[in-house]
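Here is a friendly walk through a two-chain model, from the overall layout down to single residues. Have a look at the coordinates first, and then read on.

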Amino acid sequence: MEVRTEQEDDVLVTTVNGRIDSATVSEFQHLMERAITDDIRRVIVDFENLSYINSAGLRAVLVITKNLWTRNAKLALHSLQPSIQEVFSIAGFDKIIQVCADKAEALDATQEK
Amino acid sequence: MTASTTLVIKTAIEELQKIETAVDEISGAEGWQPDIEFKIRLVLDELCTNVVNYAHRDDLDHDMTVTIESDDDEVRVEIVDDGDPFNPLEDAPEPDTESALIDRKIGGLGVYFVKTLVDDARYWRVDDKNHVALSKRRS
C-alpha cells in the first residue's frame, strides 16, 4: 500500500495504490491524517489503483471523513474500481461520502458553493 | 474445471496471508473474473479476521480450517473454527448503513458484506466447532 500526496493551495490531492486491509489500514490512516494539515480545506482521493479494501479500511475512510467534516473541510473519492464501488454502496457510504467518476468531478464536488 | 484447496492455519492475523495466496492460486487456475475474486477474498478476509480476533477467550494458538472449492458454476468456501459458539449470520450486529455522516456507527459491516455478496450462506455447529459455508455463482 502506498499513499502519495500533493498539496495545491488548500487542496490535498491523494493517490492510494495497492490494498487497504488489516495489515495496512493503520498506515493508511496515519499517512492520510499526517498529510491533512490545518490549512487543508479539500481532500481528493484517487482510488483507481486501489485493488482491495475491507471493512477495516472502510472504517478508516469513515473516520477521516468525519474528522474533516468536523472542521468544515470536504473530501471526495474518485475513480473507484467497480467491486470497490459496489462495496461502498452496500455499506451505504455513497450516501455520506462523495464518490466521483474522475478527478475533475471530485474537484468540482468539493468546491465551496 | 474443478479445483479445491484446504488450509489449516493458526488463528493469528499474520496467518491470513496464506488465505490470500490460496485465493490467488485457485483464482488463476480456475480463471475467476476479477469481481468474483474480489468478493471471495473479501468474505474470507472478514470472516477469518473475526475468528482470529473474537472467537477465543484464551491466548492459545488454535487451528482453523479454510476450504475453497471452485468449478465452472460456482465457488464454495467453508471456514471451521473451535471457538465459542457463534453464528455470524445471525448473531453479528446489524450495520448502520443509513445515518448521517456524523452519527454513522461502524461495526457489523464485514458480516453484512458476507450476507450481501454470496448466494448462499449457512452456519452449523458440530463437535464443538463452528462451520460457516458459503457459495457464490460465477455468473
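Which pattern does chain B follow when read along the sequence? The pattern is β-α-α-β-β-α-α-β-β, and the secondary structure of chain B amounts to four helices and five strands. Please keep in mind that this is a predicted model.

**The two chains**

Chain A has four helices and six strands, and along its sequence they come in the pattern β-β-α-β-β-α-β-α-β-α. The globule rule gives 13 Å for the 113 residues of chain A, and its radius of gyration is 13 Å, so chain A is as compact as a globular protein of that length. For chain B, a compact globule of 139 residues would have a radius of gyration near 14 Å; the chain has 15 Å, which agrees.

The table sets out some values for each chain.

| Chain | Property | Value |
|---|---|---|
| Chain A | C-alpha box along the principal axes | roughly 30 × 25 × 25 Å |
| Chain B | C-alpha span along the principal axes | about 45 × 40 × 25 Å |
| Chain A | Buried residues, of 113 residues | 40% |
| Chain B | Buried residues, of 139 residues | 31% |
| Chain A | Contacts at least 24 apart, among those at least 6 apart in sequence | 70% |

**Where the chains meet**

The contact between the chains draws 18 residues from chain A and 20 residues from chain B. On the side of chain A that touches chain B, the elements giving two or more residues are α2 (55-70) and α3 (82-90) of chain A. Of the elements on this side, α2(A) gives the most, with seven residues. Sorted by class, this side of chain A holds nine nonpolar, six polar and three charged residues.

Which of its residues are buried? They are Ser83(A), Ile84(A), Val87(A) and Phe88(A). These residues lie on the same side of α3(A), because they cover an arc of only 140° around the axis. Their cover comes from both chains: it includes β4 (50-53) and β6 (98-100) of chain A, together with α2 (34-54) and α4 (109-117) of chain B. After α3(A) comes Gly92(A), which has a positive phi near 75°.

**The nonpolar core**

The largest nonpolar core has 60 residues. Those with the most contacts inside this core are Val43(B), Leu44(B), Leu47(B), Cys48(B), Ile79(B), Phe113(B) and Val114(B). Which element gives the most to this core? That is α2(B), with ten residues.

Not counting residues up to four places away in sequence, Cys48(B) touches Leu16(B), Ile19(B), Val66(B) and Ile79(B).

**A residue in strand β2 of chain B**

Finally, turn to Thr67(B), which is found in strand β2 (residues 63-70) of chain B. Is Thr67(B) buried or partly exposed? Burial takes 20 or more C-beta neighbours within 10 Å; Thr67(B) has 16 inside 10 Å and therefore counts as partly exposed.

Thr67(B) also has partners from elsewhere in the chain. Leaving aside neighbours within four places in sequence, Thr67(B) is in contact with Thr6(B), Val77(B) and Glu78(B). Thr67(B) and Leu7(B) are 60 residues apart along the chain, and their C-alpha atoms are separated by 6.3 Å.

Terms used: Residues numbered from 1 in each chain as written. Chains lettered and ligands numbered in written order. Predicted model: local features only at pLDDT ≥ 70, side-chain atom pairs only at ≥ 80, totals over all residues. Contact = placed C-beta atoms within 7 Å. Nonpolar A, V, L, I, M, F, W, Y, C, P; charged D, E, K, R; others polar. Rg over C-alpha atoms; globule rule 2.2 N^0.38 Å. Buried ≥ 20, exposed ≤ 12 C-beta atoms within 10 Å, placed from the backbone. Arc of directions from axis to C-beta. Core = buried A, V, L, I, M, F, W, Y, C linked by C-beta atoms within 7 Å.
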